Each structure stands twice: as structure tokens, then as C-alpha cells.
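Dear colleague,

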Amino acid sequence: MNHFPQAWGRPRDDAYGAYDSSYLHSNAPKAHTSSPTVTGTSVLAVKFKDGVVIAADNLASYGSLARFTDVKRLRIFNQRTVVGFGGDVSDMQYLDRLLLSLDLEENYSSSGHDLNAQNLHTYLAKVMYKRRSDINPLWNQLLVVGLDSEDQPFLSSVDLLGTTFSSPTLATGFGAHLAQPLLRKVVGDEANVKSVTREQAVNAVKECMKVLFYRDARSQDKYSIAVITKESGVELKENEQLEGQSWAFAEMIKGYGTQTV
């Protein structure tokens, strides 16, 4: 009996002639990912006077299918930093392995220095830019939050091109369009950070997660949220549930515009 996969489910050679197996051999050039298949949507983050809040839902979508509902997209690094991943999940897992390897090296290092959030952001920016220069980018946008070398709140972003920027509020994916205006009402610029409390920042992020669940078809109502402060380090909750939702507004919407019934 022929057990080779190319023989499965096809007619016998003695009855129908030899089968053309040339399709099994490809001479095409090496190709890289150009369209991510399993992806995560928005990651939100905002600074407050004592630290940073970051959140992301636990959904990984297979195209438009809400396929994986328990994918954690916030990663802790050395109890001072959290990395939030948006975009391709397989590339997220690759970066997660890189961070684990880096963390092990740092733990066994005798230098006496720990990497802070700013150091980790620089490292990830170099990784992303190197892969972009190889024409094989990692299809992610990352938010790196935590404390810098002076124990001040740090929040910065890096995308698949290695482009970096910082702001008191940041969001990836659909959140860059829907959540950023809401977050900027709470923290308009760096000067406002000192007047924002932890409770205000957490409530603003939770409200934005609710808006994204209403409006973003690639989101869900279960999410992870982390608060990073100097006193408590990283406080991560991975199975939070949105509360106080109301779909009453849907009755007044007709079509895709602002028409009312």
C-alpha cells in the first residue's frame, strides 16, 4: 500500500496513467508574509502621574472570524515594563521568545543593571527596523510602557517599519481612530500628566475598551489590563469583563450613516 501523501485519494496509475506530481515541486522565489492571517486588534495606553495603564482585548481573529478568544497580548518584562502587541499573532509569539531569551540573559548577567522600559523600547525598535531592512517585516505595532531610568512613566510605540514615537496617550489599530480622541480629553499633553490620577486613567481606558467593543468588529468584551507604578511594579489582570454596556443606541441607527429611523 502506498502511504505517501501525494498518493492519497487519487486514481491508480495502472488504471488512469501516471499522476503528474510536478505541482509538489516549486521553483518559485522565497516569499515572506505579506498579509497576516491571525491578528489582534487595538492596544491602548495612557500615562498618569505615578505610572502607566495599558489594555488590550484577548481576541485573535482569523481573517474576519473571531477564532481565538483567549490570546493574551500583554507581556511583562522584569516587573518594570509591559509590552502590548497589535497585529500578527505568530510574529507576536516570535517577539515573545526574543524577549524571554533577553530576560534570561539579563537575569544571569553580573552587570548589576536591569533593562528599563526605555532600553527595551530601543531594543525592539532595532529588531523591527532590522527585519524591515531585510524586506521581511514583523507585522506588529507595539506599545512599550513602564518606568524609565529615572522611574518616570514611559510610553512609546514602534511599528513594523521601525518607526518610533512617544505621547502621553497611544493606541494601535482601530483604537488610533476611536480611542485616541477620548484619551486625549483626559490627558491632552505631557503637562497634564501630573494632574491625572490612577483612577481617572483606568476609567478612561475601560471606557475606550467599551467603545471599541461597540464599534470594532475585531474586538471582544474580555480584555487584559495592566497598571505599572514605582511602588507596586506591574499589576496585571488578564480576564477582565466589560461592564455597563448598553446597545440602546443601535435602535436609532439605520444603514451606515447618521440617519435615524
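Helix α2 (residues 89-108) and helix α3 (residues 117-133) pack at an angle of about 135 degrees, and their axes lie 12 Å apart; helices here are DSSP runs of H or I with at least four residues, and axes are lines fitted to C-alpha atoms over the stretch in contact, with angles from 0 to 180 degrees between N-to-C directions. That angle makes α2 oblique to α3, since angles under 35 degrees count as roughly parallel, over 145 as roughly antiparallel, 65 to 115 as roughly perpendicular and the rest as oblique. The contact (heavy atoms within 4.5 Å) is formed by Y94, L95, L98, L99 and L102 of α2 together with L120, Y123, L124, V127, M128 and R131 of α3. By class, these residues comprise ten nonpolar, no polar and one charged.

The model is predicted, so local features need pLDDT of at least 70 and side-chain atom pairs count only at pLDDT 80 or more, whereas totals for chains, interfaces and linings use all residues. Residues are numbered from 1 along each chain as its sequence is written, and side-chain values use heavy atoms, leaving out hydrogens and water.

Best wishes

Technical notes
Helices (H or I, at least four residues) and strands (E, at least two) are DSSP runs, numbered from the N terminus. Ala, Val, Leu, Ile, Met, Phe, Trp, Tyr, Cys and Pro count as nonpolar, Asp, Glu, Lys and Arg as charged, and the others, Gly among them, as polar.
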